[in-house]
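Subject: Structure handover and notes

Dear colleague,

I am passing on the structure we spoke about, together with some notes for you to read beside it. Please open it first and keep it in view as you go through the rest.

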Amino acid sequence: MPDIWLYIAVMSAVTLAIRLTPALLLRREIKNVFVRSFLFYVPYVTLAVMTFPAIIEATRTPLAGAAAFVFALFLAWNGASLFRCAAGASVMVLIVEGIYFSL
């Protein structure tokens with residue numbers, strides 16, 4: 001049980017270091033266009049990196065998850081709403097798993 005307090009202390013120190021370092025080192029506004037655009041897209045990339053493996057692993061077979069991802073990407077690229085993308089991906093999973101597990 002004493003190890004848990006050590007883990008919590010290390011996690012807190014790392015979290016504080018990550019949060020405080022930019023505040024202490026960057027006191028003025030960032031004017032570099034490349035750095036500003038990089039920092040703008042970091043949350044989106046982080047979300048994508050965490051979401052993509054979950055999409056593939058959420059189904060019984062990774063093939064169904066990959067097919068659903070590609071189909072939802074196609075729908076989104078062509079202007080479909082979030083609901084239609086999610087519904088289309090769900091239907092694609094049903095189709096692929098129905099074909100895959102019926103063979």
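Predicted model: local features only at pLDDT ≥ 70, side-chain atom pairs only at ≥ 80, totals over all residues.

**Salt bridges**

How many salt bridges does the structure hold? There are two. In one of the pairs, the side chains of Glu29 and Arg36 meet with a nitrogen-to-oxygen distance of 3.5 Å. Glu29 counts as exposed, since its relative accessibility is 56% and the cut-off for exposed is over 50%, whereas Arg36, at 45%, is partly exposed.

The other salt bridge joins the side chains of Arg60 and Glu97, at 3.7 Å from N to O. Arg60 lies in the loop between helix 2 (33–57) and helix 3 (62–77), while Glu97 belongs to helix 4 (residues 82–102), so this pair ties together parts that are 37 residues apart in sequence. Are the two partners buried or exposed? Arg60 is exposed, with a relative accessible area of 61%, but Glu97 is buried, at 13%, the cut-off for buried being under 20%.

**Around Glu97 and Thr59**

If neighbours within four places in sequence are left aside, the residues in contact with Glu97 are Thr59, Arg60, Thr61, Ala64 and Ser102.

Thr59, which is on that list, is placed in the loop between helix 2 and helix 3 and counts as buried, with a relative accessibility of 19%. A polar atom of the Thr59 side chain lies 3.3 Å from the backbone nitrogen of Gly65.

**Helix 2 against helix 3**

In general, two packed helices are described by the angle between their axes and the distance between the axes. The axes of helix 2 and helix 3 come within 6 Å and cross at roughly 125 degrees, and the two helices are therefore oblique to each other. Which residues meet there? From helix 2 they are Phe52, Ile55 and Ile56, and from helix 3 they are Pro62, Gly65, Ala66 and Phe69. Sorted by type, the residues of this contact comprise six nonpolar, one polar and no charged. Gly65 in this contact is the residue whose backbone nitrogen lies 3.3 Å from a polar side-chain atom of Thr59.

Phe71 lies in helix 3 and is partly exposed, with a relative accessible area of 29%. Apart from its neighbours within four places in sequence, Phe71 is in contact with Gly88, Ala89 and Met92. As for its distance from Leu6, which is 65 residues away along the chain, the two C-alpha atoms are separated by 45 Å.

Ala80 is found in the loop between helix 3 and helix 4, where it counts as partly exposed at 26% relative accessibility. Leaving out neighbours within four places, Ala80 is in contact with Leu75 and Cys85.

Leu94 lies in helix 4 and is exposed, with a relative accessible area of 64%. Between Leu94 and Val33 there are 61 residues of separation in sequence and 45 Å in space, taken from C-alpha to C-alpha.

**Thr15 in helix 1**

What does the side chain of Thr15 reach? Thr15, which is placed in helix 1 (residues 2–25), has a side chain that reaches the backbone oxygen of Met11 at 2.8 Å. Thr15 is partly exposed, with a relative accessible area of 42%. The C-alpha atoms of Thr15 and Thr51 are separated by 22 Å, and these residues are 36 apart along the chain.

Notes. Residues numbered from 1 in each chain as written. Heavy atoms only, no water. Salt bridge = Lys/Arg side-chain N within 4 Å of Asp/Glu carboxyl O. Buried < 20%, exposed > 50% of the residue type's maximum accessible area, 1.4 Å probe, protein only. Helix = DSSP H or I, 4+ residues; strand = E, 2+ residues; numbered from the N terminus. Contact = heavy atoms within 4.5 Å. Axes fitted to C-alpha atoms, helices over the stretch in contact; angles between N-to-C directions. Parallel < 35°, antiparallel > 145°, perpendicular 65-115°, else oblique. Nonpolar A, V, L, I, M, F, W, Y, C, P; charged D, E, K, R; others polar. Polar contact = N/O pair within 3.5 Å; in protein donor to acceptor, adjacent residues only side chain to side chain.
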